[in-house]
Each structure stands twice: as structure tokens, then as C-alpha cells.
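Reader: I would like to learn how to read the features of a model like this one. Please give the general idea and then the case at hand.

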Amino acid sequence: MNRTRIFQLLSLGLLMTPTSSYADGLLVPAIHPTPAMSQKPEPISDLSDDTVQLNGKEKKAIQLSEQWQSKADPATLNDQGAITFTFGNSLPTVVCAPLYACDVGLQSGEIVTQVDVGDAARWKITPATSGSGETTTTHLIIKPLDLGLISNMIVSTNRRTYHMRLVSKQGDWMPMISFTYPDSVDDAWKRYQATQPHEEAPQKTTIPEVSLLNFNYRLSGDHPRWKPVRVYSDTNKTYIQFPENAKQGDIPPLVLWGEDHQAQLVNYRLIGDRYVVDTLIDQAALISGTGRHQERVTITRLK
């Protein structure tokens, strides 16, 4: 092997000798791989070091925020196959996958005014609509561009502001997402009650014969001052009795939950210190306010 060929092989890294040796009268030095040749370069972070120190007040605020984000409010499945969240009860998570599109449907007639995404470079958000006129529904079409992404999205509309957590996974995705709105149910009941004739409360509230009553109901949830003191039913009506110190204006509307876990309207009226409901309820809720200030008492008939 001539000297020119040896230098060519050395420059290409094809000739390495463990010790110095002679080749055709040429002294060839030993070549050992260096750390730079055998190791990959360290990744370069796009973010600076997190050196900010939080004080006690700030740490408490972060703790409260994390409690709200992790608040247990299970999603339900509606008749159209959409994962349904109750607006304002918690921070909903939208799980998408690359090469798939997630559809977040808003309330009919709601108009989007602004969309902000924490990682706008790797999350693609585009608008779409369905229906026409008063039934026009705005949809947010969400597509992640990579796996393992975690970000958030804030959607402002002419009615409310949505906060959502975005997660991208391989093969895991939610095709359709929708919301239910307790405040809309409250408004519907207020409009309904405004059209009904006023019924004077009797001096004494009468109840059916005790032997026909069923007191087998459970109250769960929050403890507002208007929380019912008892719930019972006869053969065809349900009675929800409120404490004496509960003000009529503070008592929230009643929402009946159907078998599909969707809110339903039900006929009832306030007589004296109790709601008289014109049906036997299996599960219902008294909901006051929205978001983190919401108070909810759930009524469940035990079997």
C-alpha cells in the first residue's frame, strides 16, 4: 500500500491501528476515537433556565388553579357521539392525534371573536360552520402537527370564554367535542316562570298522607344556605323542601337529568317553602352560578 492510499484511508476513517506501525516505510500513528466522535451532541433547549422564585401568595394561587384544572367533572357521550363537557365546571382536555382532525362544536348562534393557542406553531386551529340562520353552529377544527404535545387554547365568543387543554397522542383522539350550558337552562326556566300565573303560597303547606311518602333520596354536592332540608315523593309528585332562612330569590332553578345525562325541563312550582315537581325524579340538580363560583346540589332517588 503506497503512502497516498494510506492517507486517503486515514482521512476517510477506514484505516485505524491500535498502535503505531510501519506500512511501506511510513510510520502510521495510532488513532483512537474521541468523545466527540463517539457521542451525539447535547440537545439545545429553546427556553431559558427557570430561575423565578414564587412567594407564598403566588404558590397558593397556583395550588388553587391546579385544583380547578384537576376538578373531577366526568364527560358524557351525547346521542351524536360527541364527548360532552359541562361549561365552566372544570378544564376540559381535548385529545387529538396527528393526521386526524378534532371537531369542537360551540353553542348554536355563538360567534368566535378570538382564538389564542399556547403553541400556535404546532397546533393548527381552523374555523368551520354548520346549519344556517339562527341554527348556525361554529366548529373549531383542531390538528396537532406532532406527537407528545401539551398546550392550551382560549376561545373568546360573543357569549363566553372557553379554556381548553390540548394533548396530542398516537392513535388516541376525540372526533367530536361539545358542551352543555347550565346558564342557558337557568335562562329557559326564568323565561318559562315569567309566563306562568303567580300562585299565592298558602298559610300552611300541606303534604300528602305520610304513609304514601318516600323519603329515600340522597343530597350530595355543595352546602349553600339554600340547600334542601329534605326531599320526598308520593305516587306521582316530588317535593323539595328548603330551609326557612333561604330567600326565594336565591333558590336556583331545578334541572332534571335524563337517562342520556342531558338536562331536561320539568314542570314544577314554588309553594311555600318547597318545590312541587309534577313527576317522580330519579336524578336532578339545583345549580346556582357558573365557573368556579358555581354551587350545585344533586338529588338522587335511591332504589
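Reader: Where is the place of leucine 99?

Author: First, the ground rules. This is a predicted model, in which local features need pLDDT of at least 70 and side-chain atom pairs count only at pLDDT 80 or more, while totals for chains, interfaces and linings use all residues. Residues are numbered from 1 along each chain as its sequence is written, and side-chain values use heavy atoms, with hydrogens and water left out. Helices (H or I, at least four residues) and strands (E, at least two) are DSSP runs, numbered from the N terminus. Leucine 99 sits in the loop between S5 and S6. Its phi is near 75°, a positive value in a residue other than glycine.

Reader: Is leucine 99 buried or exposed?

Author: Buried means under 20% relative accessible area, exposed over 50%, and partly exposed in between (1.4 Å probe, protein chains only). Leucine 99 has a relative accessible area of 87%, so it is exposed.

Reader: What does the secondary structure of the chain come to, and what percentage of its residues count as buried?

Author: The chain has four helices and 21 strands. Of its 303 residues, 34% count as buried. Accessible areas come from the Shrake-Rupley method with a 1.4 Å probe; for residues, only the protein chains shown count as cover. The accessible surface of the chain is about 19400 Å², and 52% of that belongs to carbon and sulfur atoms.

Reader: Which residues touch the most other members in the largest nonpolar core?

Author: A nonpolar core is a set of buried Ala, Val, Leu, Ile, Met, Phe, Trp, Tyr and Cys residues joined through side-chain atoms within 4.5 Å. In the largest one, which has 22 residues, they are Val94, Val104, Ile142 and Phe179. Two or more residues of this core come from each of strands S5 (93-96), S6 (102-105), S9 (137-144), S10 (150-157), S11 (161-168) and S12 (176-180). A second, separate core has 18 residues, including Trp226, Val231, Leu254 and Ala284.

Reader: Which residues is isoleucine 142 in contact with, leaving aside neighbours within four places in sequence?

Author: Contact means heavy atoms within 4.5 Å. Among the partners of isoleucine 142 are Val94, Cys96, Val104, Trp123, Met153 and Leu166. For the chain, take contacts between residues at least 6 apart in sequence: 58% of them join residues at least 24 apart.

Reader: How many aromatic pairs does the count come to?

Author: A pair of aromatic rings is described by the distance of the centres and the angle of the planes. Rings of Phe, Tyr and Trp (its six-membered ring) pair if their centres lie within 6.5 Å; planes under 30 degrees apart count as stacked, over 60 as edge-to-face and the rest as tilted. The count comes to ten aromatic pairs. Phenylalanine 87 and tyrosine 162 have ring centres 5.2 Å apart and planes at 70°, so this pair is edge-to-face. Phenylalanine 87 lies in the loop between strand S4 (83-86) and S5, and tyrosine 162 in strand S11, so the pair ties together parts 75 residues apart in sequence. Phenylalanine 87 is buried at 16% relative accessibility, and tyrosine 162 is buried at 1%. The pair of tyrosine 232 and tyrosine 239 is stacked, at 5.1 Å centre to centre and 15° between the planes.

Reader: Which residues form one aromatic cluster?

Author: Phe85, Phe87, Tyr162, Phe179 and Tyr181 form it.

Reader: How many salt bridges does the count come to?

Author: A salt bridge is a side-chain nitrogen of Lys or Arg within 4 Å of a carboxyl oxygen of Asp or Glu. The count comes to seven. In one of them, glutamate 110 meets arginine 160, with the closest N and O atoms 3.1 Å apart. Glutamate 110 is in the loop between S6 and strand S7 (112-117) and arginine 160 in the loop between S10 and S11, so the pair ties together parts 50 residues apart in sequence. Both glutamate 110 and arginine 160 are buried. Another salt bridge joins aspartate 278 and lysine 237 (3.0 Å, N to O).

Reader: Which residues do salt bridges that share partners join into one network?

Author: The network consists of Lys237, Arg269 and Asp278.
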